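The entries below record what I found.

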Amino acid sequence: MRAAIIRSQRITGLTPDVIAELITEIGPLWHERHQAVLTSRPRRRAVGAGAKHKLVFIDRLLATLVHLRHGATHDVLACWLGVDRSTITRAIGEVRPLLAERGCTVAPDVRLRTLAEVIDHLGASGQTGIIDGTEIRVRRPAAGRKDREKFISGKNKQNAVKSMVVTDAAGRLLFCSPAEPASCADITHARKLGLVRLLADGPAVEILADAGYQGLGAQTGGRVVTPPHRKYKKNPPEWYEEMYERQRKAHSSRRIRVEHGISHLKNWRSLARHHGRREHMSDIIQAVAGLLSHQQAATMASGTRT
């Protein structure tokens with residue numbers, strides 16, 4: 001079954017070559033952390049004594065990928081792999097943070113982990129960046145819990161968390177921010193992430209954004225470009241309405257690629273709707289973004305070679 005999962009991109013969302021690279025990169029990190037845990041506590045037996053793992057690292061990685069891609073429950077994965085459900089839960093909890101820490105892959109030797117690195121990359125390459133917020137529906141917090149209303153989205157009227165996504169002009173993922181409660185406005189989220197400071201102090205970079213970020217343009221010296229304001233709210237002249245629609249559509253056609261990038265993210269079921277712990281959403285968003293960007297980079301590299 002392991003070979004069938006690796007061969008099928010429909011199951012994991014990744015090609016066998018990308019999975020092989022993940023095994024080579026993450027396997028030693030997982031083993032190192034596992035050994036550190038074993039040696040950090042008092043022991044009666046030497047490290048390595050006792051029962052051995054029933055689930056080797058490759059199976060742990062594949063279980064995590066299938067869980068992220070299709071939202072398969074831990075019970076189902078445990079039945080497939082012939083282990084206890086708690087083993088799957090522990091395996092995913094160990095592998096998912098390692099995937100989240102990888103960042104977004106732009107090229108085999110270029111990986112972006114922070115928003116500052118993204119701004120520097122866009123400035124060095126002379127590319128335009130596109131930002132947008134996306135919401136992931138989550139479970140409703142328990143009644144009586146403090147700050148329960150923070151997760152209610154003013155846009156969708158649902159309990160959700162929000163992440164800011166950055167792509168280049170071609171729609172390739174460059175960054176996904178940690179999750180914030182959905183009541184946080186898009187422009188507030190961008191400010192919390194330090195976007196204004198990074199654009200003011202960093203290289204001259206053009207960032208396209210939707211109307212949710214209006215106001216950042218003035219704070220960044222025009223580096224954040226948002227749709228035009230409607231000058232006439234009532235009875236606009238025909239010439240103005242035509243000009244306004246032409247400018248709005250031109251801006252929309254330039255920033256539509258970020259919507260394509262978000263749609264690729266939402267193809268992973270764990271980001272379509274999350275039924276687990278809300279505290280895990282930052283790791284999940286960043287892990288999926290890293291995996292998807294790695295696959296995009298590998299696809300472009302193979303296309304260039306051919």
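The entries follow by topic.

**Basis.** I worked from a predicted model, in which local features need pLDDT of at least 70 and side-chain atom pairs count only at pLDDT 80 or more, while totals for chains, interfaces and linings use all residues. Residues are numbered from 1 along each chain as its sequence is written, and side-chain values use heavy atoms, with hydrogens and water left out.

**Helix packing.** I took helices (H or I, at least four residues) and strands (E, at least two) as DSSP runs, numbered from the N terminus. Helix 4 (residues 57-70) packs against helix 5 (residues 74-81) at an angle of about 140°, and their axes are 11 Å apart. Axes here are lines fitted to C-alpha atoms, for helices over the stretch in contact, and angles run from 0 to 180 degrees between N-to-C directions. I then looked up the contact (heavy atoms within 4.5 Å). Helix 4 contributes Asp 59, Ala 63, Val 66 and His 67, and helix 5 contributes His 74, Leu 77, Trp 80 and Leu 81. By class, this contact of helix 4 with helix 5 has five nonpolar, two polar and one charged residues. The classes count Ala, Val, Leu, Ile, Met, Phe, Trp, Tyr, Cys and Pro as nonpolar, Asp, Glu, Lys and Arg as charged, and the others, Gly among them, as polar.

On a 1 Å grid over the protein atoms alone, a cavity is a set of points where a 1.4 Å probe fits but cannot get out; a pocket is an open set with protein on both sides within 12 Å along at least five of seven lines; lining residues have an atom within 4 Å of a point. Grid points are joined across faces, edges and corners, and a volume is the space filled by probe spheres set on the points.

Which residues lie nearest the centre of the second largest pocket? I found His 67, His 74, His 274, His 275 and Gly 276, out of 19 lining residues. The pocket holds about 390 Å³ of space. Helix 6 gives the most to its lining, with four residues. The lining divides into three nonpolar, twelve polar and four charged residues.

I found one cavity of 30 Å³ or more. The largest cavity has a volume of about 40 Å³, and its lining includes Thr 134, Cys 176 and Lys 266. By class, that lining has six nonpolar, two polar and one charged residues.
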